[in-house]
Amino acid sequence: MAGTTFATGLRCRICGEGYPLEAIHACERCFGPLEVVYDYQAVKSAISHESIAAGPRTIWRYRALLPVATETPVDLGVGCTPLIRADRLGKALGLDNLYLKNDCVNPTYSFKDRVVAVAATRAVELGLDTFACASTGNLACAVAAASSVAGLKCFVFVPADLELSKIINALVYGPNLVQVDGNYDQVNRLCSELADEYGWGFANVNLRPYYAEGSKTLAFEVAEQLGWEAPDHVVVPIASGALMVKIDKGFRELEQVGLIAPRNTRFSGAQAEGCSPVATAFAEGRDDVRPVKPNTFVRSLAIGDPADGPFALQVARRTGGAIGSASDPEVAAGISLLARTEGIFAETAGGTTVAVLKKLAEQGIVKREERVVAYITGNGLKTPDAVAEELSAPFKIAPTLSAFEDQVLHGDRQLAGVR
Ligand SMILES: Cc1ncc(COP(=O)(O)O)c(C=O)c1O
Ligand SMILES: [Zn+2]
């Protein structure tokens, strides 16, 4: 159904050149990335805390700040995920005001459902019949599910070494899943060629300006859940860097349209040590992000040449945050710590966020009294092997009382939390 949008066009983030709202992502003049611009005055007069509260309990309650016109967007029930106060994890990390945004509970179990809902809606609006992506895993699941709901043909391209559970999590929705013998950066290059050749809608290639806007809803929801206030400090996992850049854009837009008071929210980023080009550039004080070859089990963050890396770097520097990294064992320990304190089983990206938050708190970069929100962006059932080795084996016994007492209660092994 036709409707209105407050998006007025696309603009190059480097040279400022304007473009129409089409399936394009790079500036013809300077190859810079394009982003969506809005008429914020019009948005301001159209929305209020009350109008948002009266909207659906999905990301579409923030439709005025998303680049879609239709009143019937692709809707899997994405967003409005819990923001929980994490006092037990906070205590373990020495933080008095820690919150977790639990995006593990989206329809396909990661925050990628947000960006994909916007990209899929634009694909339909633009009349495209095929929806596709280059993925480190989570995006493949989200694109495949959204294609089913939107009635789009679907191709998803993933690196050949992707975890089996992510492949199953994507295949179940019935896409054409293509395993490419190469790493994510090679998959991405192939997809750029395919987008040019076939004109399909690639969520994170030619639809990228729209796709990336979906991440702003992680700022909108957190602000609304905090009673229309921005937090003091956020910690965000970084792969391409788009998530971090767009959460920052989200808070600034809320200020601009008068929904929150200005606050310089500090942004810190988290990368896996085996793929940490942005953290390295931050540590070395450089503006350029030098590509690396990923070597980490944190596959969801394994982008060696991150498109939005330099912009994420700018956000961390401008806001007084930092970008840190964690080794694979530290990530596994982060997953366990999160599960054992807050009952959330996150995938490796979540373990990375917790592990880097722990370091930043120890270094005094994240401060004890700050109101901190850590973004937990994907579900641990997709990467169970990451922690399997850390866990103690279950007891195996005969179905008798004596077997339970001899082998479990009075056996050799120490029991967890039982006297
Ligand atoms: C679970 C999860 N968290 C965070 C990210 C990082 O997102 P971005 O590529 O926008 O930096 C990804 C990217 O694939 C992801 O799968
Ligand atoms: Zn340009």
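Trainee: In what order do the three strands of the open sheet stand?
Mentor: Three strands form an open sheet with antiparallel pairing; strands (E, at least two residues) and helices (H or I, at least four) are DSSP runs numbered from the N terminus, and two strands pair if DSSP finds at least two bridges between them. This is a predicted model, in which local features need pLDDT of at least 70 and side-chain atom pairs pLDDT 80 or more, while totals for chains, interfaces and linings use all residues. Residues are numbered from 1 along each chain as written, chains are lettered from A and ligands numbered from 1 in written order, and side-chain values use heavy atoms, without hydrogens and water. The order of the strands is β2-β1-β3.

Trainee: Which strands have one side without a neighbour in the sheet, and why?
Mentor: A strand at the edge of this sheet has a single partner strand, so one of its sides is left without a neighbour. The strands in that position are β2 and β3.

Trainee: What arrangement do the four donor atoms around the zinc ion (ligand 2) have, and why?
Mentor: The zinc ion (ligand 2) is coordinated at 2.3 Å by the SG atoms of C12, C15, C27 and C30; donors are N, O and S atoms within 2.8 Å of the metal (3.2 Å for Na, K and Ca). In sequence, these donor residues follow the spacing C-x2-C-x11-C-x2-C. Because the donor atoms subtend angles of 99 to 118°, and four donors count as tetrahedral if all angles lie between 85 and 135 degrees, the arrangement is tetrahedral.

Trainee: Are C12 and C27 buried or exposed?
Mentor: C12 belongs to strand β1 (residues 7-12), whereas C27 lies in the loop between β2 (18-19) and β3 (34-38), 15 residues apart. This pair thus joins distant parts of the chain. With buried meaning under 20% relative accessible area and exposed over 50% (1.4 Å probe, protein chains only), both C12 and C27 are buried.

Trainee: From which element does the largest share of the lining of the largest pocket come?
Mentor: A pocket is an open set of points on a 1 Å grid where a 1.4 Å probe fits, with protein on both sides within 12 Å along at least five of seven lines, and lining residues have an atom within 4 Å of a point. The largest pocket is lined by 48 residues, and N188, R208, S240, A307 and D308 lie nearest its centre. Elements giving two or more residues to this lining include β3, α4 (112-125) and α10 (242-256). The largest share, five residues, comes from α7.

Trainee: Which element gives the most to the lining of the second largest pocket?
Mentor: Among the 18 residues lining the second largest pocket, R13, E35, D248, K249 and R252 are the closest to its centre. At least two residues of this lining come from each of β3, α10 and α12 (309-319). With seven residues, the element that gives the most is α10.

Notes
Four donors count as tetrahedral if all angles lie between 85 and 135 degrees; four count as square planar and six as octahedral if opposite donors are over 155 degrees apart and all others between 65 and 115; anything else is irregular.
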